[in-house]
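Work through the following exercises with the sequence and the model open beside the text. Each task is followed by a solution that goes step by step.

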Amino acid sequence: MRIKLKQSLLTPIPVLIIFILLAASNKMNVNSLAHKDNIFLALIIMQIVIFIIPGILYCKIRKKALVASLRFNPMVGPSKIWLSFTAFFVLISGSALIKLGLYALGYKGTEYSLYQSYIPTTISGFGNVLYIIIAIALMPAITEELVFRGIVLGEYTSSACNTFTAVGITSLLFAMMHMSLPQFPVFLFGGILLAYVTIVTDSVLCAITLHFLNNCFSLLFETKLLSLVAKTDSIIFIVFLTAVVFLVFLVFTLQATERIYYLKGIHGDPSPKQKKKRRKREKSDKTNENLQAWLSPTFLLCLIAFIIITLVFKG
């Protein structure tokens with residue numbers, strides 16, 4: 001007799017494996033690796049092993065077409081491009097507001113990347129800069145988005161779970177993956193926005209593009225800006241200016257979303273409200289499905305692993 005397991009039980013499994021692999025990679029001797037010539041190639045291979053291989057194995061076990069699971073729809077049309085552009089400013093300004101709040105609470109950290117410690121202290125030459133952008137900005141955007149907004153979000157949205165549960169659990173897993181309690185709100189906000197863009201555009205390519213641009217901004221400008229904030233007395237003005245940028249581009253993003261769904265309606269695609277009504281008719285036990293997803297043993301194991309790694313090993 002074949003036992004059929006629910007998607008809510010299976011979906012967190014590749015993320016749990018990623019947690020374990022990331023914890024193991026943190027035990028590597030960074031100081032000895034950072035001075036080697038193949039540091040960037042090693043980082044690229046490490047990200048493929050940690051993220052892509054568990055994702056592929058999961059899709060093979062689930063017997064699902066990999067491309068179909070990833071929402072690999074082309075990012076075409078001015079509406080999607082405009083949404084990605086406005087969402088980028090929402091992401092960097094919203095993250096900046098959260099980081100300024102953390103700074104006000106006493107957290108002075110400036111490292112918001114899993115691979116920040118692997119970056120050499122001295123960088124020279126165009127080749128090294130290009131390798132850093134590929135290894136620290138592009139590869140994390142591709143690997144993390146394919147897993148979290150491709151496989152994981154796709155699995156939850158294709159099940160009986162509602163959008164709130166799908167986005168909420170996916171974003172929590174994404175934030176926990178970075179293994180930092182102080183930085184948790186920043187990555188949770190980023191995860192929610194990236195999931196939102198993926199669902200609205202129905203394309204993980206938009207999320208990859210947005211994630212890549214955000215990584216480039218963080219890599220090239222953010223540390224300098226945070227250092228500047230630490231030295232200035234005009235913190236109130238900076239917060240006000242950042243909040244204005246956030247609100248303005250949030251409005252633009254919502255308008256772009258409305259435009260995309262309007263165009264979908266013209267082409268006969270169902271709106272989110274129509275999909276919700278249809279699922280209510282098809283899934284009478286929807287509440288139970290959502291509850292089971294939140295209380296799934298595999299999701300709770302991810303939560304326990306996050307707590308143990310951040311408090312015990314990194315605390």
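Contact here means heavy atoms within 4.5 Å. The model is a predicted one, in which local features need pLDDT of at least 70 and side-chain atom pairs count only at pLDDT 80 or more, while totals for chains, interfaces and linings use all residues. Residues are numbered from 1 along each chain as its sequence is written, and side-chain values use heavy atoms, with hydrogens and water left out.

**Exercise 1. Find the residues that Y58 touches, leaving out residues up to four places away in sequence.**

Step 1. Y58 is placed in helix α4, residues 39–62; helices (H or I, at least four residues) and strands (E, at least two) are DSSP runs, numbered from the N terminus.

Step 2. With residues up to four places away in sequence set aside, Y58 touches L10, T11, P14, I151 and E155.

**Exercise 2. Describe the chain as a whole: how many helices and strands does it have, and what percentage of its residues is buried?**

Step 1. The chain has 14 helices and zero strands.

Step 2. Of the 315 residues in the chain, 44% are buried.

Step 3. Among contacts in the chain with a separation of 6 or more, 84% are between residues 24 or more positions apart.

Step 4. The accessible surface comes to about 16800 Å², and carbon and sulfur atoms account for 69% of that area; accessible areas come from the Shrake-Rupley method with a 1.4 Å probe, and for residues only the protein chains shown count as cover.

**Exercise 3. Determine how helices α2 and α8 pack, and which residues make the contact.**

Step 1. Two packed helices are described by the angle between their axes and the distance between the axes.

Step 2. Helix α2 (residues 12–25) packs against helix α8 (residues 163–177) at an angle of about 10°, and their axes are 10 Å apart. Axes are lines fitted to C-alpha atoms, for helices over the stretch in contact, and angles run from 0 to 180 degrees between N-to-C directions.

Step 3. This angle makes α2 roughly parallel to α8, given that angles under 35 degrees count as roughly parallel, over 145 as roughly antiparallel, 65 to 115 as roughly perpendicular and the rest as oblique.

Step 4. On the side of α2 the contact is made by V15, I18, F19 and L22, and on the side of α8 by L173, M176 and M177.

Step 5. Sorted by class, the contact of α2 with α8 has seven nonpolar, no polar and no charged residues. In this scheme Ala, Val, Leu, Ile, Met, Phe, Trp, Tyr, Cys and Pro count as nonpolar, Asp, Glu, Lys and Arg as charged, and the others, Gly among them, as polar.

**Exercise 4. Classify the aromatic pair of F85 and F249, and then that of F189 and F246.**

Step 1. Rings of Phe, Tyr and Trp (its six-membered ring) pair if their centres lie within 6.5 Å, and planes under 30 degrees apart count as stacked, over 60 as edge-to-face and the rest as tilted. By this rule the count comes to 14 aromatic pairs.

Step 2. The ring centres of F85 and F249 are 6.4 Å apart and the planes stand at 70°, so this pair is edge-to-face.

Step 3. The pair links distant parts of the chain, F85 in helix α6 (residues 78–104) and F249 in helix α11 (residues 235–266), 164 residues apart.

Step 4. F85 is partly exposed at a relative accessible area of 40%, whereas F249, at 16%, counts as buried.

Step 5. The pair of F189 and F246 is tilted, with 6.3 Å centre to centre and 55° between the planes. F189 lies in helix α9 (residues 184–201) and F246 in helix α11, 57 residues apart, and both F189 and F246 are buried.

Step 6. F85 and F249 also belong to one aromatic cluster, formed by W82, F85, F88, F89, F217, F249 and F252.

**Exercise 5. Where does M179 lie, and is M179 buried or exposed?**

Step 1. M179 lies in the loop between α8 and α9, and has a positive phi of about 55° although it is not a glycine.

Step 2. With 3% relative accessibility, M179 counts as buried.

Step 3. The C-alpha atoms of M179 and A305 are separated by 9.5 Å, with the two residues 126 apart along the chain; A305 is placed in helix α14 (residues 297–313).

Notes: Buried < 20%, exposed > 50% of the residue type's maximum accessible area, 1.4 Å probe, protein only.
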